[in-house]
Amino acid sequence: MSTASSRSDRRTSPVFLGIAAVTAVTGWAVWTDFAADARIAVFLFVTSAWIVSLCLHEYAHARTALHSGDISIGAKGYLTLNPLKYTHALLSIVLPVIFVIMGGIGLPGGAVFIERSRIRGRWRHSLISAAGPLTNLLFAAVCTAPFWLGLLDGVPLVFRFALAFLALLQVTAAILNFLPVPGLDGYGVIEPWLSRKFRAQVEPFAPFGLLAVFGILFIPEVNHAFFEGIDAILGGLGISDLETYCGQNYYRFWTTRDEFCQSFVS
């Protein structure tokens, strides 16, 4: 039996506040060049900011579901922004972070369990699925705004590189999550409009959709074409592929430092 959410069910979790604090402190360390190793500071800043965006992604799903009729959402802890409350912490936090570390790809995983039987209307079901990647688009708009508004005068280059890489993660997350692949939000958007027979045939493949997309992106030709498209989108927003490349190079502190990127900030 589930109940409506109480005020305590909606109180922001100390876990989320801690992650947000790490984002703020490490962002300050990158900006001021306070850290002994700027690359570790960039890694911590981008990773913690990425986790914050993952929490907001899932919160958007949960909040939209709550207002669409699933009053059980609050009791599950989804409105606290606590990533430890998600149904699959591995899919929600661990795998997306591994994807970023391995390939510089932002790809959120499915996490919150929504009691769809409580929700009436196909449009509401579609909106619940769309809410997550739309949050990534909003996060991407915030990250890219300083570039396309020309507000970067005086901004330290390392911070600029880190922000460019974070923007790349948000754009890739939004695009990939909107793909109509079972298990991703894009499929969730169109699923209510498909026949019951087709949905039943596709359902067994949903747990593998996320991994399938990631695997396909490891095909060199697909990877090259995909990131060319991402570079074109970011280029239109004022972010060069050099900035995202240097941002990823600083992020991957365990790899060889690119002297070309280093020369810009020396």
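Visitor: Why is Lys76 called partly exposed?
Guide: This is a predicted model. Lys76 has a relative accessible area of 23%. Buried means under 20% and exposed means over 50%, with partly exposed in between. So Lys76 counts as partly exposed.

Visitor: What makes Lys76 and Glu115 a salt bridge?
Guide: The closest N and O atoms of Lys76 and Glu115 are 3.2 Å apart. The rule asks for a side-chain nitrogen of Lys or Arg within 4 Å of a carboxyl oxygen of Asp or Glu, so the pair qualifies. Lys76 lies in the loop between H2 and H3, Glu115 in the loop between H3 and H4, so the bridge ties together parts that are 39 residues apart in sequence. Glu115 is partly exposed, at 22% relative accessibility.

Visitor: Which residues are linked with Lys76 in a network of salt bridges?
Guide: Asp70, Glu115 and Arg118 are linked with Lys76 in that network. Within it, the side chains of Arg118 and Glu115 meet at 2.7 Å, N to O. Arg118 has a relative accessible area of 28%, which makes it partly exposed.

Visitor: How many salt bridges does the rule give?
Guide: The count comes to 4. One of them pairs Arg160 with Glu243, with the closest N and O atoms 2.4 Å apart. That pair links distant parts of the chain: Arg160 is in helix H5, Glu243 in helix H10, 83 residues apart.

Visitor: Are Arg160 and Glu243 buried or partly exposed?
Guide: Arg160 is partly exposed at 24% relative accessibility. Glu243 is at 8%, so it counts as buried.

Visitor: What is said of the cover on H5?
Guide: H5 is mostly covered, with 18 of its 21 residues buried. Its end C-alpha atoms are 30 Å apart, which agrees with the 30 Å its residues should span at 1.5 Å a residue.

Visitor: How many aromatic pairs are there?
Guide: The count is 13 aromatic pairs.

Visitor: Why is the pair of Trp31 and Phe159 called edge-to-face?
Guide: The ring centres of Trp31 and Phe159 are 5.0 Å apart and the planes stand at 70°. Centres must lie within 6.5 Å, and planes over 60 degrees apart count as edge-to-face, so both tests are passed. The pair links distant parts of the chain: Trp31 is in helix H1 and Phe159 in helix H5, 128 residues apart. Trp31 is partly exposed, at 40% relative accessible area. Phe159 is buried, at 14%.

Visitor: What makes Trp123 and Trp193 an edge-to-face pair?
Guide: Their ring centres are 4.9 Å apart and their planes are at 70°, so the pair is edge-to-face. Trp123 is in helix H4, while Trp193 is in the loop between helix H6 and helix H7, 70 residues apart. Trp123 counts as exposed, with 68% relative accessibility. Trp193 is partly exposed, at 36%.

Visitor: How do you know that the buried residues of H1 are on the same side?
Guide: The buried residues of H1 are Phe16, Ile19, Thr23, Thr26, Gly27, Ala29 and Val30. They cover an arc of only 160° around the axis, which puts them on the same side of H1. On the other side, Pro14, Ala24 and Val25 are exposed. An α-helix has 3.6 residues a turn, so residues three or four places apart point the same way.

Visitor: Why is Phe16 called buried?
Guide: Phe16 has a relative accessible area of 9%. The cut-off is under 20%, so Phe16 is buried.

Visitor: Are Asp33 and Leu81 buried or exposed?
Guide: Asp33, in the loop between H1 and helix H2, is exposed at 57% relative accessibility. Leu81, in the loop between H2 and helix H3, is buried at 9%.

Visitor: Which residues make the nonpolar surface patch?
Guide: Ile40, Leu44, Phe253 and Trp254 make a patch of about 340 Å².

Key:
Residues numbered from 1 in each chain as written. Predicted model: local features only at pLDDT ≥ 70, side-chain atom pairs only at ≥ 80, totals over all residues. Heavy atoms only, no water. Patch = residues over 30% accessible without salt bridge, like charges linked within 9 Å, V, L, I, M, F, W, Y side chains within 5 Å. Areas by Shrake-Rupley, 256 points an atom, 1.4 Å probe, with all protein chains shown as cover. Phe/Tyr/Trp six-rings, centres within 6.5 Å; stacked < 30°, edge-to-face > 60°. Helix = DSSP H or I, 4+ residues; strand = E, 2+ residues; numbered from the N terminus. Buried < 20%, exposed > 50% of the residue type's maximum accessible area, 1.4 Å probe, protein only. Arc of directions from axis to C-beta. Expected span 1.5 Å × (residues − 1).
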